[in-house]
Amino acid sequence: MNRNLIYPTLVFFLFLCSVSTFAQKTDPAISQKVDQLLKQMTIEEKVGQLNQYTGKALTGPASEKKNDLQTEIVNGWVGSMLNVKGVKNTREVQAMALKSRLKIPLLFGLDVIHGYEVTFPIPLAEAASWDLGAIKQAAHVAAEEAAASGIHWTFAPMVDIARDPRWGRIMEGAGEDPYLGSLIARARVKGFQGEKLGGTDAVMACAKHFAAYGAAIAGRDYAAVEMSDHELWQTYLPPFKAAAEAGVATFMNSFNTLNGIPATGNSYLQRDILKNKWNYNGFIVSDWNSIGEMSIWGYANDLKDAAEKAIIAGSDMDMEGSAYRKHLVQLVKEGKVAVALIDDAVKRILYKKFELGLFDDPYKFSDEKREQKVIKNPKNRTIARAMARKSIVLLKNDADLLPLAKTAQTIAVIGPLAKAKRDMAGSWIVNADTVSTVSLYEGLSAAVGKNQKLLFAGAGTALSSTDAEIAEAVATARQADVVVLALGETWDMSGESKSRADIHLPGDQVKLFEAIQKTGKPIIVTLMAGRPMIFNEIADKAAAILYTWWLGSEAGNAISDVIFGNYNPSAKLPVTFPRAMGQIPIYYGQTNTGRPYTNQKNKLYLSVYIDEENTPRYAFGYGLSYTKFSYSDLKLSKSEITDADSVVLSFKLTNTGKYAGEEVAQLYLRDEVASIVRPLKELKDFAKVLLKPGESKLISFVINKEKLSFYNKDLKWITEPGVFQVMLGSSSDQILLQSKFTLTR
Ligand code: GLC
């Protein structure tokens, strides 16, 4: 045998051996069509399917880039385009692909992260709703609008666990917890894809960024990730596994290295775990030139070496890297890459094109009439407003200042974000018409009663307020009965490549707050941001605080609904808010320590800071309501079980206040002793319950083997006998009922 062929044959043999004997269910009829088409393809056409370009130039004025792209597409060198949107543009570009020899249609991908035309709250805000149905519906509306605009594929949901608020992309995910993150990943995949791909109201979803991107060192985007395999499996992989089990059509790998190996060249991640252990048969797209960047990391000698490493490691499609386009054919000719690896990648991609129905009708998603009908459907704004309301977290409400009584005659709306529109959409907007985004000021204006008056002072920008601007704001506040102060981040202070070394409120905003505070007027602070921020002065002194994130098209109406009591806030934080930068990373699910601090007087030789508390400013799962809830009558069906059994936990939840409201009751467990130290508490279930004033409901949770299992030091998913603490609460730091049971084996 030709010596050059030994290595790739060996790689391919190992690949075949490791491929599990059973894959996720596929349709044999489609597989047959894929095989028949594959047989007709040249190696150049095969490599073409693995190649994805951004298509902005295609829909712009004549240019060399535009010509080059057209030539590439017509010659069958392109399998997918991103950033081509709208029926007109996608029809034009698809027509180019249909001029190629085999007429294989293109996939059109786009970052429909939180809405297409109507912008929904950023994903982290939606996660704060803990409302899986609403989250799924939001994704479905985004898919409907995108699919009506020629889009086949969204690069969402981002399911990266994030425990470092310095990382700007924390805004794109579902926060810090694997359990909540897994349920939300599943809801978003189902929302985007529906129950079966191929409908023109659904798009392929994409679980990203595989994997552990949220653990970038120092919270700095694109940085290396170093973590134990145990932490990877226990904390960072679960939402990806949930997405795969939910049938997510594609994965996207990530820019980071994992323990020294770039994700896009990491066969442990892409082949061993995803394609083999999890039997995944969708395809993996690289992140933007993440293949090419392997030579910058120092993991590949050049683009050709990167292409070889990436295809062997299981990266199926090359986004904007041209690594495959330029080098794969030659690598096959040199015997460095087995054709079978190329064929496997091509088949995965072609399978999705057949599944979407693109071979039957390449223009299926590019229908002018449907685009007109679906886009700007008023129902979508109604759904967006409901989602936005559910995402608002009430952090503080001294003396029940909120909801604002109609007797508050004059309301001063102050601050750099009071009339902001673009900022309400956050980053990753696609087609949003931010002109029609409802600002806070507009929302309040639309809602105030006829005997109420709004005053306004912008007070400069998010980054600076002059003395004169602050003085004007103070003078405006003095004329009012109450102040609504809109502070936070502008849309470009969180998101990709927007890590911050200091997450305090930006600019002069605290100074502005303190100046207004001196007037003695009650202040309702609305904090708009893509991440947790540090705002201790406001937390201590403001009368009321609403964390409103970036709420999208209906931001102002949703915040107004909450301020005037048309909606009773029900959201809970999906991520921990630190008191100080030095506490980061800070998250609720930490293990104990051999020297725990439990409010002892003498802090010496305990796991504490000498200059700050251990506790967060606001804990995971925290959020207030205009009403109050009581938890009582906790009962366990058994005090001892084997892992073949389950324990049914029940308790009574009562609305003891005067407003109807929803409570997110949270169940945490602690495995007291195990062969690997386990967290002090882990979220294992929750229920979001609507109760009228005085109403009670009996709530029950089933604790089964799945909820008692963990990865041991050998990465086996097991249970171990022992005592489990049961904790029920309204937040991870407000445990209201406790009990225990024993797992006997
Ligand atoms: C970006 C992001 C990724 C996105 C892709 C396409 O760099 O990392 O999340 O889907 O490129 O825009």
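Author: We start with the ligand. This is a predicted model, and the shell around its ligand is made up of 7 nonpolar, 1 polar and 5 charged residues.

Reader: How many residues surround the ligand, and which are the closest?

Author: The shell holds 13 residues, and D111, R169, K208, H209 and D287 are the closest of them.

Reader: Which polar side-chain atoms lie by an oxygen atom of the ligand, and at what distance?

Author: One belongs to D111, with 2.5 Å between the polar side-chain atom and a ligand oxygen. K208 also places a polar side-chain atom by a ligand oxygen, here at 2.8 Å. For D287, an N or O atom of the side chain is 2.6 Å from an oxygen atom of the ligand.

Reader: What part of the ligand's accessible area does the protein cover?

Author: On its own the ligand has 310 Å² of accessible area, and the protein covers 93% of that.

Reader: Now the empty spaces. How is empty space found?

Author: A probe the size of a water molecule is rolled over the atoms, and this shows where empty space is left. In this model, 3 cavities of 30 Å³ or more are counted.

Reader: What is the volume of the largest cavity, and which residues line it?

Author: Its volume is about 70 Å³. The lining of the largest cavity consists of I113, H114, G115, F120, P123, E126, A138, A139, A142, R188 and F192. Helix 6 (123-127), helix 7 (132-147) and helix 8 (178-193) each give two or more residues to that lining. Helix 7 has the largest share, with 3 residues.

Reader: How does the lining of the largest cavity divide by class?

Author: It has 7 nonpolar, 2 polar and 2 charged residues.

Reader: What about the second largest cavity: what is its volume, and what lines it?

Author: The volume is about 40 Å³. L669, R670, D671, R678, E682, K684, K707, L708, S709, F710 and F724 form the lining of the second largest cavity. Two or more of these residues come from each of strand 20 (661-671), strand 21 (682-691) and helix 24 (705-708).

Reader: Which element gives the most to the lining of the second largest cavity, and how do the residues divide by class?

Author: Strand 20 gives the most, with 3 residues. By class, the lining of the second largest cavity has 4 nonpolar, 1 polar and 6 charged residues.

Conventions
Residues are numbered from 1 along each chain as its sequence is written. This is a predicted model: local features need pLDDT of at least 70, side-chain atom pairs count only at pLDDT 80 or more; totals for chains, interfaces and linings use all residues. Side-chain values use heavy atoms; hydrogens and water are left out. On a 1 Å grid over the protein atoms alone, a cavity is a set of points where a 1.4 Å probe fits but cannot get out, and a pocket is an open set with protein on both sides within 12 Å along at least five of seven lines; lining residues have an atom within 4 Å of a point. Grid points are joined across faces, edges and corners, and a volume is the space filled by probe spheres set on the points. Helices (H or I, at least four residues) and strands (E, at least two) are DSSP runs, numbered from the N terminus. Ala, Val, Leu, Ile, Met, Phe, Trp, Tyr, Cys and Pro count as nonpolar, Asp, Glu, Lys and Arg as charged, and the others, Gly among them, as polar. A residue is near a molecule or strand if one of its heavy atoms lies within 4 Å of it. A polar contact is a pair of N or O atoms within 3.5 Å; within protein, one must be able to donate a hydrogen and the other to accept it, and residues adjacent in sequence count only if both atoms are side-chain atoms. Accessible areas come from the Shrake-Rupley method with a 1.4 Å probe; for residues, only the protein chains shown count as cover.
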